[in-house]
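Dear colleague,

Please find the structure below. My findings follow it, beginning with the contact between the chains.

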Amino acid sequence: MSETYTLYNSTVMEHFMNPRNMGDLKDADGVGEVGAAACGDIMKISLKISNGRIEDARFKTFGCGSAIASSSMATELIKGRTIDEAMNFSNQEVVDALGGLPPVKIHCSVLAEEALKAALEDYVKKHPELAHKSPASETVAA
Amino acid sequence: MRQVYLDHQASTPVLPEVFDAMKPYFTEAFGNASSLHQHGLRVREALKRSRGQMAALINADSAEEIFFTSDGTESANLAIKGVAYANERRGKHLVVSATEHPSVMQSVEFLERQGWTCTRVPVDADGTLQLEALRAAIRPETVLVAVHHVNHDIGTIQPIREVGRVCAETGVPLYVDCEASAGWLPVDVREFGAAMVSFSPHRFYGPKGVGVLYRNKKARLVSVIHGGVQEGGRRAGTENIPAIVGGGMAAEISLTELPRRIAHTATLQSRLWKGLKERIPYIRLNGPEPGPRRISTNLNLSTEFIEGEGQLLLCDLNGIAVASGSSCVSKSLKISHVLAAIGLDHALAQGNIIMTLGMANTVEDVDYTLETFAKIVTKLRGMSPMWDEFQRGVIDSVIAPTGRGKSFSQHAADVSGKAAH
């Protein structure tokens, strides 16, 4: 074939083919694993946190191209943010940074947000002094 | 990069001789078959010839039993709704297998919303219709039984002669969807005891835009598309002559090529499945093993711990065209209803890939696919939390249980707070 057509835009395809931050973190400070009831995808995000700031992030994803790209982009975006900033993270940031996702795939970006917030909750649980900042109430449902 | 087309169940290229046969009917022989002048009479001859070619492919008694529609979906709609409406006063009960094509399933659901009832006959773990359950499902008010010849998804060949006998004993007309078999496996309407059979030339090197419905006198049928009196009043609308001509030619070629097609694809199918099993741990074939109970063109695979769309995309980026029944590929976010009907674990349905072979595929294509697919699986497993959790004994394999860890489905439910559908 002379031309190449892609299912997703070039940014999504790039993150799917060459995902950033793929893997696990040794001695992670917070780990979150969530599943999408809608489709069955599963996403895991591990965080390294020091001085209230996300120093490093990794992901592992069982899911489609856009789920892999969403988790890759989400881990890129949150590195360097404070816990407070990360708790306000929205899936829309992932969608925008990826240059858009097909409507039926928006839930993949929501899964990335949920995995990140689950990882932050895990961290907060291990640090009771931060408990009042639990992100649970802020999590937006799909 | 090598290009390997492994989606012949979706469509096939038009053969050069088929294309050549079609060409005059776009330009000089452009007439409408309903016209009474030379232009109309000329294309009427072409229509008649194609009807004969279609009848020969399925061993029908007469070309008059062949009706042209726009595609397989329309044929299925006409078969189901046409018979249901024609027999409304006799009874409003239909019997279908649980693994019919969506065009059959959705037609039935449409009728159910209007007061018809339908029994869906279960299949076993290989997708084979349970004959006793079929027998039990038929009632005095049953007006139609619909069972496909070969499953479009998992390649199971149904015991259609036995189904035909059950229908003959009970006097209920049988509709056999042969979309996944015609052109690749002998279809004999008389042997099947079928009152109706449908198939589409674009599945066997003919063009899109034409479907066929065979109907004998056993099935009363009313039109569902109204207008002129084309197709004996059973299907109004100007006939797509170029597609009908090309389809007829494709049917004629298929009939003579059938033994060669079966031999060629069976060799590749066996090499492909054997190679996949050798190279990839935790892979499963859905449907019967290659042999007399499975069509030679189809492999429906579940690769554990990874999802299907990612596999499909990486195959495509490597020049290999495949399909998937994963929920991520479907616009409804649901797994294939066929995979659900055979009781496949959701985790395995999620990792589904369908490869369908054709005449242009070679041994080299198969070997390239084996090598490439094994790399793709390794790459995606490396990215999958499930693979890692399996290695650590957190979750267990469905395909080859080790006895360690919980099930994938349990784990998925735990992390999503809801059971996977």
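In this predicted model, 25 residues of chain A are in contact (C-beta atoms, placed from the backbone, within 7 Å) with 23 residues of chain B. The side of chain A that touches chain B comprises 16 nonpolar, five polar and four charged residues, where Ala, Val, Leu, Ile, Met, Phe, Trp, Tyr, Cys and Pro count as nonpolar, Asp, Glu, Lys and Arg as charged, and the others, Gly among them, as polar.

Local features need pLDDT of at least 70 and side-chain atom pairs count only at pLDDT 80 or more, whereas totals for chains, interfaces and linings use all residues. Residues are numbered from 1 along each chain as its sequence is written, with chains lettered from A and ligands numbered from 1 in the order in which they are written.

Chain B has 14 helices and 12 strands, taken as DSSP runs (helices H or I, at least four residues; strands E, at least two) numbered from the N terminus. Its C-alpha trace spans about 75 × 55 × 35 Å along the principal axes.

Within chain B, five of the five residues of strand 3 (residues 93–97) are buried, that is, 20 or more other C-beta atoms, placed from the backbone, lie within 10 Å of their own. B:His93, B:Val95 and B:Ser97 point one way from this strand, and B:Leu94 and B:Val96 the other way. Strand 3 pairs (at least two DSSP bridges) in the parallel sense with strand 4 (residues 117–121) over five bridges, B:Val121 being the bridge partner of B:Ser97. Four bridges also join strand 3 to strand 5 (residues 142–146), in parallel; there B:Leu94 stands opposite B:Leu144.

Yours sincerely

Conventions:
Two residues are in contact if their C-beta atoms, placed from the backbone, lie within 7 Å. A residue is buried if 20 or more other C-beta atoms lie within 10 Å of its own, exposed if 12 or fewer, and partly exposed in between; C-beta atoms are placed from the backbone.
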